[in-house]
Amino acid sequence: MPKHPNDYTSRGWQVACATLLVLTVISFIPPITVGGVKLRRASIVSDLIDHDTPAEQGSTELAELPELDVKEFEVDLIEVAQKVAETTATASPMGEATSASWEGIFDEQPSGGDMGSDNLQIPALDSIPLADFSDILPADSLIIPIEEFFAGDNASERSPMSQLYEKLLAGKSSVRVAFMGDSFVEGDILTADLRELLQDSFHGLGVGYAPVASPFTGFRQTIKTQSKGWTPYNIMQLKNVPEPYSNDFFVSGWIAQASEGASTRWDMTERRRHLQECRRARVLFISREESVVAIKLNDGEERTFSFDGDEVVRQIVIEEPSIHSLEMRVVRGAAGFTAIGAEFDDTQGVSVDNLSIRSNNGQAMFRSNPSVNAQINTMRPYDLVVLQYGLNIMQAERTNYSLYAEQVEKMIRYVRSCFPGAAVLVMGVSDRSQKDENGITPMRSAVDLSRWQRTAAENCGAAFWNTYEAMQRKGGMTAFVNNNWAGKDYTHINYAGGREVARQLYYAILQGVQNYSREWRARVERQKPIIAEPLEGIEPMNIDSLATQKPLHEELTQSITDTLNLASE
């Protein structure tokens with residue numbers, strides 16, 4: 001039978017065979033690196049053939065990939081300390097030129113962040129709260145504890161977290177937490193649930209810090225932000241920030257340049273407990289020219305505040321029984337006006353600020369202005385700074401992160417300079433998986449990076465919490481993705497995953513408070529006098545009379561002499 005003129009079956013088989021041949025040949029092409037990035041190999045025989053050479057199989061680090069760029073974020077910590085000292089010595093956080101309040105000028109410094117003396121004064125035993133969270137905490141074996149290290153060899157030194165635990169136990173003043181991180185916690189992921197849990201146990205209201213304007217405000221569920229008339233800048237793009245705004249950054253990483261009439265409205269939400277209202281709000285900014293700022297509270301009364309031109313950080317503080325919404329507007333003086341952010345909290349209890357910066361490995365804090373940090377810290381001191389970084393420098397084949405560990409040590413010292421008195425807690429890098437020719441595989445380098453971060457914390461006498469191990473307790477990143485707790489990139493958790501990690505960190509903090517409470521009470525018990533009251537019938541010794549008495553050996557000598565003389569007679 002003759003072939004049909006339109007029958008292309010044979011040609012189709014020829015094309016299929018040719019395609020298969022080409023793919024087979026491509027499978028044997030060695031890995032290619034472009035621009036420092038190793039391209040994934042296209043292989044249809046990867047299940048049959050191991051493409052790696054013996055050298056590649058034994059290699060644990062890619063020499064051609066730099067660990068990170070430190071020159072771009074160079075910082076002189078001595079200069080930072082000097083600038084902070086000078087700023088703090090001349091700062092007037094409650095002064096008329098610096099601060100204004102809804103009711104008038106401040107009479108006294110508001111509470112929050114005062115860590116007190118390093119020397120613990122032992123109080124009466126009955127005044128020490130006995131913390132018992134046994135109804136909340138799981139078994140100790142299920143908790144990833146916070147590890148604490150000492151700055152020197154002196155074993156009698158107080159632990160890094162001790163003063164924070166004391167404030168949480170006392171419960172009489174506000175406790176401020178700065179959570180500095182990357183895209184892993186962007187949009188208040190993890191911190192929203194950590195805040196909620198801490199406020200459940202230690203009181204507090206409000207969402208904490210919120211930027212005035214940024215492209216990502218819509219992503220955040222815990223506060224609604226509507227802004228207009230602003231040009232926002234990110235610290236990661238510092239080269240694109242014009243003067244003088246490039247020198248205005250707080251560690252939050254976001255500022256906004258005003259135009260005339262620029263405004264922002266914040267509305268509290270019900271996405272978490274304790275967020276529907278707050279009792280204190282602050283607006284932080286710099287006004288280089290004479291300016292007038294209007295504040296509208298709860299869609300009701302609007303008041304205006306006038307400021308002279310200056311380089312200092314300004315604040316307007318509103319304290320009311322119930323704050324549901326707040327709006328600020330630059331009425332006059334937009335030139336040189338830099339909006340830093342706002343915060344919403346309570347006069348007591350715990351406040352947690354989410355200070356996340358996308359694509360940041362932590363070094364971006366070195367681009368912030370130490371003077372700005374110090375001024376804000378005098379207004380609203382922090383008690384704890386959490387450093388959550390590492391995802392942006394982790395590489396699958398790298399095991400040595402010594403250079404990054406050195407930078408983490410600098411971060412700790414930088415934080416301690418800008419926020420003296422705050423405890424520093426380093427969070428180890430989170431778990432992560434990657435897609436390759438073998439499917440989804442864990443990035444074992446997370447273990448190595450976490451180990452280097454722990455070493456940095458130990459070298460600086462800071463605290464450390466192992467995020468990787470906490471996620472492993474929940475099955476690791478693969479389980480997070482399967483449970484819809486993380487994205488399909490196998491890198492970023494979502495709000496559901498943030499709740500799981502936050503609860504683990506919350507347990508660790510509660511365990512720390514509980515253990516410290518017991519150790520504190522035991523210390524007081526040990527220092528009690530053995531005999532509380534003098535014994536009956538025994539007169540107390542008169543110390544002043546001792547000076548007039550002969551030494552004991554002279555009295556014995558005289559007694560023996562008198563006895564011998566009597567015997568000779």
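1. Let's start with helix α11. This helix has 32 residues and reaches 46 Å from its first C-alpha to its last, close to the 46 Å expected at 1.5 Å a residue. Keep in mind as you look around that this is a predicted model.

2. What caps the N-terminal end of α11? Look at Asn-494: one of its side-chain oxygens sits 3.1 Å from the backbone nitrogen of Ala-496.

3. Now for the inside of the protein. In soluble globular proteins, nonpolar side chains tend to be buried together. Here the largest nonpolar core has 107 residues, and Leu-387 and Trp-465 are the ones with the most contacts inside it. Helix α11 (residues 495-526) turns up again, giving this core its largest share, 13 residues.

4. Click on Leu-387 and see what surrounds it. Setting aside residues up to four places away in sequence, Leu-387 touches Met-180, Met-365, Met-411, Ile-412, Val-415, Val-424, Leu-425, Val-426 and Met-427. There is also a second, separate core of 35 residues, and Ala-213, Trp-230, Ile-318 and Phe-344 are among its members.

5. Next, helix α8 (residues 445-460). Its 16 residues should span 22 Å at 1.5 Å a residue, and the end C-alpha atoms are 23 Å apart, so the two values agree. Just after α8 comes Gly-461, with a positive phi of about 70 degrees.

6. Which residues of α8 are buried? They are Ser-445, Ala-446, Asp-448, Leu-449, Ser-450, Gln-453, Ala-456, Ala-457 and Cys-460. These buried residues pack against α7 (402-418), β17 (423-427), β20 (463-465) and α9 (467-472).

7. Is Ser-445 buried or exposed? Its relative accessible area is 2%, and the cut-off for buried is under 20%, so Ser-445 counts as buried. A polar atom of the Ser-445 side chain lies 2.8 Å from the backbone oxygen of Gln-395. Leaving out neighbours within four places in sequence, Ser-445 is in contact with Met-394, Gln-395, Ala-396, Arg-398 and Tyr-401.

8. Strand β15 supplies the largest share of the lining, three residues.

Terms used:
Residues are numbered from 1 along each chain as its sequence is written. This is a predicted model: local features need pLDDT of at least 70, side-chain atom pairs count only at pLDDT 80 or more; totals for chains, interfaces and linings use all residues. Side-chain values use heavy atoms; hydrogens and water are left out. A nonpolar core is a set of buried Ala, Val, Leu, Ile, Met, Phe, Trp, Tyr and Cys residues joined through side-chain atoms within 4.5 Å. Buried means under 20% relative accessible area, exposed over 50%, partly exposed in between (1.4 Å probe, protein chains only). Helices (H or I, at least four residues) and strands (E, at least two) are DSSP runs, numbered from the N terminus. Contact means heavy atoms within 4.5 Å. The expected span of a helix is 1.5 Å times one less than its number of residues. A polar contact is a pair of N or O atoms within 3.5 Å; within protein, one must be able to donate a hydrogen and the other to accept it, and residues adjacent in sequence count only if both atoms are side-chain atoms.
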